[in-house]
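Morning, everyone. I have a few minutes on one structure, so please look at the screen.

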Amino acid sequence: MSNAISSSLVYKGLVIRDRDQMLCLTDMWKAAGSPVNREPYNWVRFDGAPFIQFVASNQNLSDTQVLQAERGRNGGTWAHWQVGMAYAQYLSPDFHAWCNSVVRQHMEGRLAPPGAFVTHTEFRQFAGQVFDAVSEVQGQVTALQAEARSRFDLIGEQLSQATRPRKEISAKVKGTIAVVTAQLGGYCPCCSRHKIVDDNGRKVAEAEYDHFYSNQMPDAEHVWLICKPCHDDLTFGRVSRVQVDIHFSSFQRKRRDHFG
Ligand SMILES: [Zn+2]
């Protein structure tokens, strides 16, 4: 392995090892209290298998980038962190909630999409600087930074909608986006949870085409199709677009692979 193991993930005193994009599922299982019949080797073969396949295809990962089994005393089952998040949900609600905040942030923080002009981390830092500058001028932001950051995104969106008419997404762009989504398995590319394109390639009712950057940018490279819960979260500012930028970039890479 290229990178040293880092061990900043500790749950109830137990270390969960991670390296590159991988998490040790065996450590997760132990940290969640070693629940009987929920060991990783069973989960990856049965309950977890469809999601593992989905992550491999959605993220364009090889078999060993998505799942590894290591023998020996310090061995265990390792998986891509998105698979780890699904496994956490299977283990316990408390543990899943912790993973959703701490582990997700830890793993996403180290991502840098290949070919991007700015890395994800740089983008976050930049968004943070803009946010800090604005809140200094306003002199009124004292609430949680994350919440305020989402609201800032929302205000920007509302301002641009108020001043210029929304540019609608064309039927052709919608068709392209639906085809890419179907080729990725039909799941929401934002949360990977909800099926948004059915087996006939049709968008389900509970899915929305979303202008990712601005309602002035309706072309295929600035649009995706996501589930209604994700769309609501983004529209009402409960989730900031900076937080899901990595999923949008990944979706767009897939679109370029298919349509250039
Ligand atoms: Zn979603």
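Let me start with a list of residues. The buried residues of helix 5 are Trp81, Gln82, Val83, Gly84, Met85, Ala86, Tyr87, Ala88 and Leu91. That is nine of the eleven residues in helix 5, which spans 81–91, and the helix is mostly covered. A caveat before I go on: this is a predicted model.

What does helix 5 meet? The crossing of helix 3 past helix 5 is right-handed. Which residues make the contact? From helix 3, they are Phe51, Ile52 and Val55; from helix 5, Gln82, Val83 and Ala86. By class, the contact has five nonpolar residues, one polar and no charged.

Four strands form an open sheet, antiparallel in its pairing, in the order 3-4-6-5. Strand 3 (18–19) and strand 5 (67–70) are the edges; each has a single partner strand, so one side of each has no neighbour in the sheet. Now look at strand 4, residues 22–24, and strand 6, residues 76–80. They pair in the antiparallel sense over three bridges. Where does Leu23 sit in that pairing? Leu23 is opposite Ala79 of strand 6. As a reminder, strands of a sheet pair through backbone hydrogen bonds.

There is another strand pair to see. Strand 7, residues 207–211, pairs with strand 8 in the antiparallel sense over five bridges. Pick Asp210 on your screen: its bridge partner is Trp224, in strand 8. Is strand 8 buried or exposed? Five of the five residues of strand 8 (223–227) are buried, so the strand is largely enclosed by the rest of the structure.

Last stop, helix 7. This helix covers residues 120–138, and Val130 lies in it. Val130 has 13 C-beta neighbours inside 10 Å, so Val130 counts as partly exposed. Exposed would need 12 or fewer. How far is Val130 from Phe152? In sequence, they are 22 residues apart; in space, 9.9 Å from C-alpha to C-alpha.

To recap: helix 5 is mostly covered, strand 8 is largely enclosed, and Val130 is partly exposed. Thanks. Over to you.

Notes:
Residues are numbered from 1 along each chain as its sequence is written. This is a predicted model: local features need pLDDT of at least 70, side-chain atom pairs count only at pLDDT 80 or more; totals for chains, interfaces and linings use all residues. Two strands pair if DSSP finds at least two bridges between them. Helices (H or I, at least four residues) and strands (E, at least two) are DSSP runs, numbered from the N terminus. A residue is buried if 20 or more other C-beta atoms lie within 10 Å of its own, exposed if 12 or fewer, and partly exposed in between; C-beta atoms are placed from the backbone. A crossing is left-handed if the near helix is turned anticlockwise from the far one by less than a right angle, and right-handed if clockwise. Two residues are in contact if their C-beta atoms, placed from the backbone, lie within 7 Å. Ala, Val, Leu, Ile, Met, Phe, Trp, Tyr, Cys and Pro count as nonpolar, Asp, Glu, Lys and Arg as charged, and the others, Gly among them, as polar.
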